[in-house]
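Here is a short briefing to read alongside the model. Take a look at the sequence and the fold, and then go through the points below.

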Amino acid sequence: MKMLEYIVSLIYPWKCVFCNSVLENGDICDECVSKLPYTKGDSIYQKFTFVDKCISPLYYKDNVRDSIHRYKFYGCSAYSRRYGEIMAECVENNLDCGGISMVSWIPLSKARLRKRGYDQAYLLAKEISARVGLPCVPTLRKVKNNAAQSTTRDAKQRRSNVAGAYVLYPDADVRDKYILLVDDVVTTGSTLGEAARVLKKSGAKCVYCVTLARHED
């Protein structure tokens with residue numbers, strides 16, 4: 001290892017994206033590989049209004065929850081690489097990628113994007129699209145800077161909070177398309193459902209969704 005690389009590794013050591021433990025290399029430790037709260041069987045799938053199928057490889061709990069908080073709120077945007085790999089594997093194992101036209105994502109509002117500096121769902125969509133060999137295409141624009149969905153768990157309030165938040169992206173061609181929509185976490189499905197409603201109203205044939213994690217029932 002070159003001296004500069006050695007010094008950098010001392011200052012900024014490799015860490016597991018989930019438990020944050022120091023690693024010699026890589027981005028996930030062996031313990032997390034074996035002990036993460038993976039969804040299995042029917043728990044991989046969810047169905048929401050306007051969403052044809054939603055899949056998630058992990059439950060939103062423990063180290064997964066803490067990791068996603070670092071990813072979204074503490075600048076750990078590089079986590080998208082490992083997250084994208086996990087999500088792409090879930091897509092390939094549980095959806096017919098050959099029937100999907102494009103990968104898209106749930107966008108942030110302009111105000112939240114300026115504050116955060118990156119769109120976490122876009123980074124995931126970009127990683128997934130590269131791994132499954134599908135184009136990554138913007139299809140939605142967020143026009144309502146609503147309160148974060150995480151501020152409430154009540155399903156009715158979440159639906160009201162996100163109503164009218166999205167419009168079709170200028171010149172987006174979704175008519176008769178099968179779209180894979182990406183987000184980080186799904187709770188009640190209100191956000192995904194509203195986004196899928198806009199896409200289907202604009203002519204999309206089918207909207208699948210994939211998130212890194214889902215809440216347990």
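A contact here means heavy atoms within 4.5 Å. Among contacts in the protein chain with a separation of 6 or more, 72% join residues 24 or more positions apart. Please keep in mind that this is a predicted model, where local features need pLDDT of at least 70, side-chain atom pairs count only at pLDDT 80 or more, and totals for chains, interfaces and linings use all residues. Residues are numbered from 1 along each chain as its sequence is written, and side-chain values use heavy atoms, with hydrogens and water left out.

**The chain as a whole**
- The protein chain holds eight helices and 10 strands, taken as DSSP runs numbered from the N terminus (helices: H or I, at least four residues; strands: E, at least two).
- Of its 217 residues, 50% count as buried, that is, under 20% relative accessible area with a 1.4 Å probe, protein chains only.
- Carbon and sulfur atoms own 49% of the accessible surface of about 11,500 Å² (Shrake-Rupley method, 1.4 Å probe).

**Around Ser109**
- Ser109 sits in the loop that links strand S6 (102–105) and helix H5 (110–116).
- With a relative accessible area of 4%, Ser109 is buried.
- A polar atom of the Ser109 side chain lies 3.2 Å from the backbone nitrogen of Arg112.

Key
Polar contact = N/O pair within 3.5 Å; in protein donor to acceptor, adjacent residues only side chain to side chain.
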